[in-house]
Amino acid sequence: MSTVETRPESPRPQGAPRWVAMYYQPAAQTWRTAAESPHRSPVLHALGEMTRTLRAREDEVTFALWGPKDGDWHRFDTSLKPGPAASRPDPEASASEPGLEASASEPAPLAERMTGRRHQVLMSGLGKAGLYDLSPEDDATVQALAERLDEAAVRRVAHWLATAGAR
């Protein structure tokens, strides 16, 4: 008789709805928080990086993505495509989920990491300026800046924000 490992469903995170990525640890048979933020983009970035790392180690990967929907918690689909883009949510599987649409032409992994890094630098600068509660439009603007500006320009903007926040 063979035993098949079953995973319990991801528990709903505690507290006010925000974006939370959770992962299942088979050895401990527990779900743990991998990343959390009031913004979707950094959590998806962390989810992708963690997936790549675990797959490189040939570890089994099981994630759950929770976020706000209509003022309450909602579990979003984290279906992953096989192959080099496996760390990103499948746009076909998640297209029905609001806020998880992916563009048809995904950037190369290095370009994606650099855009993610520029996004982190800008978010850090905004945090130092005391701006934490950003609207979806603000997040879209930060993402647009991260995609269009080079590293030096992003660092300069973040410096301006940090300086403004120190006053």
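Let's start at Gly125, a buried residue with a relative accessible area of 2%. Gly125 belongs to helix α3, in a model that is predicted rather than experimental. Confidence across the chain averages a pLDDT of 74, with 76% of residues at 70 or more.

**Around Gly125**
- Setting aside neighbours within four places in sequence, Gly125 touches Ala158, Leu161 and Ala162.
- Arg155 lies 30 residues from Gly125 in sequence, yet their C-alpha atoms are 8.6 Å apart in space.
- With a relative accessible area of 2%, Gly125 counts as buried because the cut-off for that label is under 20%.

**Helix α4**
- Helix α4 covers residues 136-148, which makes 13 residues.
- From its first C-alpha to its last, α4 reaches 18 Å, close to the 18 Å expected at 1.5 Å a residue.
- Which residues of α4 are buried? They are Asp139, Val142 and Ala146.
- On the face turned away from the buried side, α4 carries the exposed residues Glu137 and Arg148.

**The sheet**
- Four strands form an open sheet in the order β2-β1-β3-β4, and their pairing is antiparallel.
- Strands β2 (30-37) and β4 are the edges, each pairing on one side only.
- On average, neighbouring strands of this sheet are turned by 30 degrees against each other, direction ignored.
- Inside the sheet, β1 (residues 19-25) and β3 (residues 63-69) run antiparallel and are joined by 4 bridges.
- Tyr23 has Phe63 of β3 as its bridge partner.

- Strand β4 (residues 72-76) has the highest mean pLDDT among the elements of the chain, at 92.
- At the other end of the scale is helix α2 (residues 91-94), whose mean pLDDT of 34 is the lowest among the elements.
- Over residues 80-107, pLDDT stays under 50.
- For that stretch, residues 80-107, the model has 43 contacts beyond four places in sequence.

Definitions and conventions. Residues are numbered from 1 along each chain as its sequence is written. This is a predicted model: local features need pLDDT of at least 70, side-chain atom pairs count only at pLDDT 80 or more; totals for chains, interfaces and linings use all residues. Side-chain values use heavy atoms; hydrogens and water are left out. pLDDT is the predictor's confidence in each residue, from 0 to 100. Helices (H or I, at least four residues) and strands (E, at least two) are DSSP runs, numbered from the N terminus. Contact means heavy atoms within 4.5 Å. Two strands pair if DSSP finds at least two bridges between them. Axes are lines fitted to C-alpha atoms, for helices over the stretch in contact, and angles run from 0 to 180 degrees between N-to-C directions. The expected span of a helix is 1.5 Å times one less than its number of residues. Buried means under 20% relative accessible area, exposed over 50%, partly exposed in between (1.4 Å probe, protein chains only).
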